[in-house]
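Please open the structure in your viewer and keep the selection tool at hand.

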Amino acid sequence: MSSNSPRPSSQPSFWDERYAANDHLFGTEPNAFVASQVHHLPPGGDVLELAAGEGRTLAYVAEERGAACTALDFSRKALEVCEQWAHEYNLPMDTRMADVRTWTPDRQWDAVLVTFLQLLPDERTALYRTIRRSLRPGGIVIGEWFRPDHLSGNYDRLGPSTEDRMVPVAELRAAFGEDELLRCEPVDVTLEEGPLLRGEAAVARLVARRAT
Ligand SMILES: C[S@@+](CC[C@H](N)C(=O)[O-])C[C@H]1O[C@@H](n2cnc3c(N)ncnc32)[C@H](O)[C@@H]1O
């Protein structure tokens with residue numbers, strides 16, 4: 001593969017195949033960090049998750065906060081599970097199949113979630129802009145990503161295989177520098193996020209309130 005070829009994980013087909021081959025690739029429990037920060041989300045508000053996968057975290061947020069949820073992902077397979085789940089549990093969940101790298105928000109939400117969406121550096125610049133545009137003033141973003149230390153430190157082999165897909169904390173601090181940073185920090189954790197994301201990991205975590 002030449003350095004200009006699109007990488008497999010940048011393609012929806014890569015994710016469709018993975019979701020089709022596994023029952024609940026990232027488990028059925030919500031992302032643990034988002035669950036620990038859910039009190040920041042206004043009861044009865046509306047919440048967008050970018051790269052929501054099968055919607056495990058949104059399903060929790062819908063139940064816990066009575067939130068109206070929007071799940072965006074470019075994998076049709078993942079969104080099918082999201083829709084089944086919403087139907088089965090009668091959750092207010094809207095799904096959008098879109099590539100976050102080219103998607104333009106057409107409205108705003110009270111909160112935006114993003115967990116383990118490991119884009120390349122220039123794609124991340126656009127992602128942060130999209131997150132801010134998707135938030136109402138005063139809205140909350142909660143995010144978690146692998147950070148570059150993960151590859152060099154004494155951690156388990158999980159997550160992206162190259163450093164360019166990992167997110168330095170300083171990058172988050174700069175991208176959300178105009179906003180109120182409630183948390184923006186490196187954390188070493190034991191992930192238990194389904195069969196793929198299980199083990200010791202170096203992550204970057206963000207909770208920010210968009211400037212009004
Ligand atoms: C590691 S999974 C995490 C899924 C979910 N956030 C979770 O924690 O369960 C990454 C997700 O990002 C989606 N994804 C990757 N690149 C994307 C893009 N450019 N646009 C939309 N979705 C994307 C994949 O389809 C996959 O569902």
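Of the 212 residues of the chain, what percentage count as buried? The share is 41%, where a residue is buried if 20 or more other C-beta atoms lie within 10 Å of its own, exposed if 12 or fewer, and partly exposed in between, with C-beta atoms placed from the backbone. This is a predicted model, in which local features need pLDDT of at least 70 and side-chain atom pairs count only at pLDDT 80 or more, while totals for chains, interfaces and linings use all residues. Residues are numbered from 1 along each chain as its sequence is written.

**The whole chain**

Begin with a cartoon view of the entire chain. It contains seven helices and seven strands; helices (H or I, at least four residues) and strands (E, at least two) are DSSP runs, numbered from the N terminus. Followed along the sequence, their pattern is α-α-β-α-β-α-β-β-α-β-α-α-β-β. The chain has a radius of gyration of 16 Å, close to the 17 Å that the globule rule gives for 212 residues, so it is as compact as a globular protein of that length. That radius is taken over C-alpha atoms, and the globule rule is 2.2 Å times the number of residues to the power 0.38. Along the principal axes, the C-alpha atoms of the chain fill a box of roughly 45 × 40 × 30 Å. Among contacts in the chain with a separation of 6 or more, 68% are between residues 24 or more positions apart; two residues are in contact if their C-beta atoms, placed from the backbone, lie within 7 Å.

**Strand β1**

Next, select residues 46–50, which form strand β1. Four of these five residues are buried, so β1 is largely enclosed by the rest of the structure. Two strands pair if DSSP finds at least two bridges between them. Within this pairing, Val47 stands opposite Cys69, and the bridge partner of Leu48 is Thr70.

Then select residues 109–115, strand β4, which pairs with β1 in the parallel sense over three bridges. Leu48 can be revisited here, as it stands opposite Val112 in β4.

Show helix α3, residues 56–65, as well: β1, α3 and β2 make a right-handed β-α-β unit. A crossover is right-handed if, with the strands pointing away from the viewer, the path from the first strand over the helix to the second runs clockwise.

**From β2 to β3**

Keep β2 selected. Five of its six residues are buried, and the strand is mostly covered. Strand β3, residues 93–97, runs parallel to β2 and is joined to it by five bridges. Cys69 has Met93 as its bridge partner in β3, and Leu72 stands opposite Arg96.

**Three loop residues**

Which loop holds Asn90? Asn90 is found in the loop between α4 and β3. Asn90 has 8 other C-beta atoms within 10 Å and is therefore exposed. Its phi is near 55°, a positive value in a residue other than glycine. Most residues other than glycine have a negative phi.

Move to His24, in the loop between α1 (12–21) and α2 (32–36). His24 also has a positive phi, of about 55°, although it is not a glycine. Because it has 14 C-beta neighbours inside 10 Å, His24 counts as partly exposed.

Glu178 lies in the loop between α7 (169–175) and β6 (180–193). With 10 C-beta neighbours inside 10 Å, Glu178 counts as exposed. Draw a C-alpha to C-alpha distance from Glu178 to Met93: they are 30 Å apart in space and 85 residues apart in sequence.

**The ligand**

Finally, select the ligand. Which residues are closest to the ligand? They are Trp15, Phe26, Ala51, Gly53 and Ser75, in a surrounding set of 17 residues. A residue is near a molecule if its C-beta atom, placed from the backbone, lies within 6 Å of it. Colour the shell by class to see nine nonpolar, four polar and four charged residues. Here Ala, Val, Leu, Ile, Met, Phe, Trp, Tyr, Cys and Pro count as nonpolar, Asp, Glu, Lys and Arg as charged, and the others, Gly among them, as polar.
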